[in-house]
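Subject: Structure handover

Hello,

I am passing on the structure we spoke about, with notes on what was found in it. Please have the model open while you read.

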Amino acid sequence: MSTIRTRRAAVLAVATVTAALVLTACGGDDDSAREGGHGTSASASTASHNAQDVSFAQGMIPHHRQALEMAELAADRASSADVKDLAARIEKAQDPEIKTMSGWLKAWGEDVPQAMESTGSMSGMDHSGMPGMMDDADMAKLEKASGKAFDTLFLTQMAEHHQGAVDMARTEKAKGAYEPATSMADDIVTGQTAEITEMNKLLDKS
């Protein structure tokens, strides 16, 4: 009887260890499955990136923020439903990208560009060398415009703004090392190039 009990105890011990190992493995798979999209901050901390990836994120964040500021004006000032729809789509696409890029920079131990407080204006920020960015005078004109005049000015400025983002994204695609960043850059080139075409068509109609 003692021999049988000893064998049963040994089998039970092996089964318990095996179950624990299986649960541990499953837990690791769940963590991996939760990572997706353009990359999480956890993956960004270990994945290879270079100076271009940092420059791309630090430049595109304020670039996107200004686009959002411009798009938000359309809700009250635009007269065209097409312009309002375009502005809403710009907000929907670019706000999550700002959050993603901010996560990368934090994981890399790099500075995240801060938005201006006060009125929420981008005035006072250094946009030198950043393609397509509007200066304070351009933004002031847009803020004062309304109706069809706003539609025309918004489409003209946003097309230029988008082209700047496309140029920055192409540089990232060519020189970046971090795959989620180059993937986002590819999305920006594709999406914003299509929107430039759409804006030019709307300008032709007006």
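Leaving aside neighbours within four places in sequence, His49 is in contact with Val54, Trp108, Ala177 and Tyr178, where contact means heavy atoms within 4.5 Å. His49 sits in the loop between α2 (41-46) and α3 (51-77). With a relative accessible area of 29%, His49 is partly exposed; buried means under 20% relative accessible area, exposed over 50%, and partly exposed in between, with a 1.4 Å probe and protein chains only. His49 and Gly176 are 127 residues apart in sequence, yet 7.3 Å apart in space, C-alpha to C-alpha.

Before going further, some notes on the source. This is a predicted model, in which local features need pLDDT of at least 70 and side-chain atom pairs count only at pLDDT 80 or more, while totals for chains, interfaces and linings use all residues. Residues are numbered from 1 along each chain as its sequence is written, and side-chain values use heavy atoms, with hydrogens and water left out.

Overall make-up

The protein has seven helices and zero strands. Helices (H or I, at least four residues) and strands (E, at least two) are DSSP runs, numbered from the N terminus. From the N terminus on, the order of elements is α-α-α-α-α-α-α. Of the 206 residues in the protein, 38% are buried. Among contacts between residues at least 6 apart in sequence, 79% join residues at least 24 apart.

Tyr178 and the aromatic residues

Tyr178, one of the contacts of His49, is in the loop between α6 and α7. Tyr178 counts as buried because its relative accessibility is 2%. Tyr178 and Ser48 are 130 residues apart in sequence and 5.9 Å apart in space, C-alpha to C-alpha.

How many aromatic pairs does a search of the whole structure find? The search finds four. Rings of Phe, Tyr and Trp (its six-membered ring) pair if their centres lie within 6.5 Å; planes under 30 degrees apart count as stacked, over 60 as edge-to-face and the rest as tilted. One of the pairs is edge-to-face: Trp104 and Tyr178, at 5.5 Å centre to centre and 85° between the planes. Trp104 lies in helix α4 (residues 81-108) and Tyr178 in the loop between α6 and α7, so the pair ties together parts that are 74 residues apart in sequence. Both Trp104 and Tyr178 are buried. Trp104, Trp108 and Tyr178 form one aromatic cluster, and Trp108 and Tyr178 are both among the contacts of His49.

The axes of helix α6 (residues 147-175) and helix α7 (residues 179-205) come within 8 Å and cross at roughly 155°. Axes are lines fitted to C-alpha atoms, for helices over the stretch in contact, and angles run from 0 to 180 degrees between N-to-C directions. The crossing angle therefore makes α6 roughly antiparallel to α7; angles under 35 degrees count as roughly parallel, over 145 as roughly antiparallel, 65 to 115 as roughly perpendicular and the rest as oblique. By class, the contact of α6 with α7 has 14 nonpolar, seven polar and five charged residues. Here Ala, Val, Leu, Ile, Met, Phe, Trp, Tyr, Cys and Pro count as nonpolar, Asp, Glu, Lys and Arg as charged, and the others, Gly among them, as polar.

The axes of α4 and α6 come within 11 Å and cross at roughly 35°. In this contact, Val83, Leu86, Ala87, Ile90 and Gln94 in α4 meet Asp151, Phe154, Leu155, Met158 and His162 in α6. The classes are seven nonpolar, two polar and one charged.

Ala87, in helix α4, counts as buried because its relative accessibility is 1%. Not counting residues up to four places away in sequence, Ala87 touches Ala71, Ala74 and Phe154. Ala87 and Leu68 are 19 residues apart in sequence and 8.2 Å apart in space, C-alpha to C-alpha.

Helices α3 and α5

The axes of α3 and helix α5 (residues 136-144) come within 10 Å and cross at roughly 20°. The two helices, α3 and α5, are therefore roughly parallel to each other. Gln66, Glu69, Met70, Leu73 and Arg77 in α3 meet Met139, Leu142 and Glu143 in α5. By class, this contact has four nonpolar, one polar and three charged residues.

Regards
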